[in-house]
Amino acid sequence: MMDIVIVNVAGSALVGLIVWWFWLSRSVARRVDDAPITIVAEDGVYSPTHIEVSRDRPIVLRFLRKDPSPCAAKVIFTELGVSADLPVGEVQELHLEPQPPGEYEFVCEMHMYRGALSVK
Ligand SMILES: [Cu+2]
C-alpha cells in the first residue's frame with residue numbers, strides 16, 4: 001500500500017517537472033524589439049534560448065560567446081541562411097532583415113547550441 005503511494009507521488013512529481021520544464025522553456029521568450037539584449041553562449045546553451053521579435057521590423061541580436069571551445073564559434077540561422085563568427089568574449093551584433101511571422105532556429109555548427117527566434 002505504502003509502495004503504491006510512493007510511486008504515485010514520484011510519478012506526479014515527475015509529470016509536474018516535465019510540465020514545468022516545457023511551460024518554462026516556452027515562457028522565457030524574451031522580446032527584444034526596443035532594447036536589444038545579449039544572448040550569451042556558454043556551457044552548451046544560448047541564454048536566453050527563446051527570443052521573440054515583431055514581424056516586419058529589422059532584427060538586431062547581440063551575441064556574446066563565453067565558451068572558448070570551437071563548438072560555439074559560429075551561430076547559424078538555418079532557415080534564414082545567415083551565419084556569423086562569434087569571437088570569444090566580444091559582443092557580436094547581428095542585423096537581420098525583417099521577417100514574416102514564424103519560428104526560426106539558430107544553432108552552432110554541430111547543433112549542440114540551439115535557440116529559437118519567434119517572429120510574431
Ligand atoms: Cu557546437
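Modeller: First the cut-offs: buried means under 20% relative accessible area, exposed means over 50%, and partly exposed lies in between. The model is a predicted one.

Colleague: Why does Lys74 count as partly exposed?

Modeller: Lys74 has 25% relative accessibility. That value lies between 20% and 50%, so the label is partly exposed.

Colleague: What makes Lys74 and Asp85 a salt bridge?

Modeller: The closest N and O atoms of Lys74 and Asp85 are 3.5 Å apart, and the rule asks for within 4 Å. The pair links strand β6 (residues 74-77), which holds Lys74, to strand β7 (residues 82-85), which holds Asp85, eleven residues apart.

Colleague: How do you know that Arg62 and Glu93 meet in a salt bridge?

Modeller: The N to O distance is 2.6 Å, and the cut-off is 4 Å. Arg62 lies in strand β5 (residues 59-65) and Glu93 in strand β8 (residues 91-96), so the pair ties together parts 31 residues apart in sequence. Arg62, at 28%, is partly exposed, and Glu93, at 38%, is partly exposed too.

Colleague: Why is Glu52 called buried and Lys120 exposed?

Modeller: Glu52 has a relative accessible area of 14%, which is under 20%, so Glu52 is buried. Lys120 has 53%, which is over 50%, so Lys120 is exposed. Their side chains meet in a salt bridge at 3.6 Å, N to O. Glu52 is in strand β4 (residues 50-53) and Lys120 in the segment after β10 (114-119), 68 residues apart.

Colleague: How many salt bridges does the rule give?

Modeller: Five.

Definitions and conventions:
Residues numbered from 1 in each chain as written. Predicted model: local features only at pLDDT ≥ 70, side-chain atom pairs only at ≥ 80, totals over all residues. Heavy atoms only, no water. Helix = DSSP H or I, 4+ residues; strand = E, 2+ residues; numbered from the N terminus. Buried < 20%, exposed > 50% of the residue type's maximum accessible area, 1.4 Å probe, protein only.
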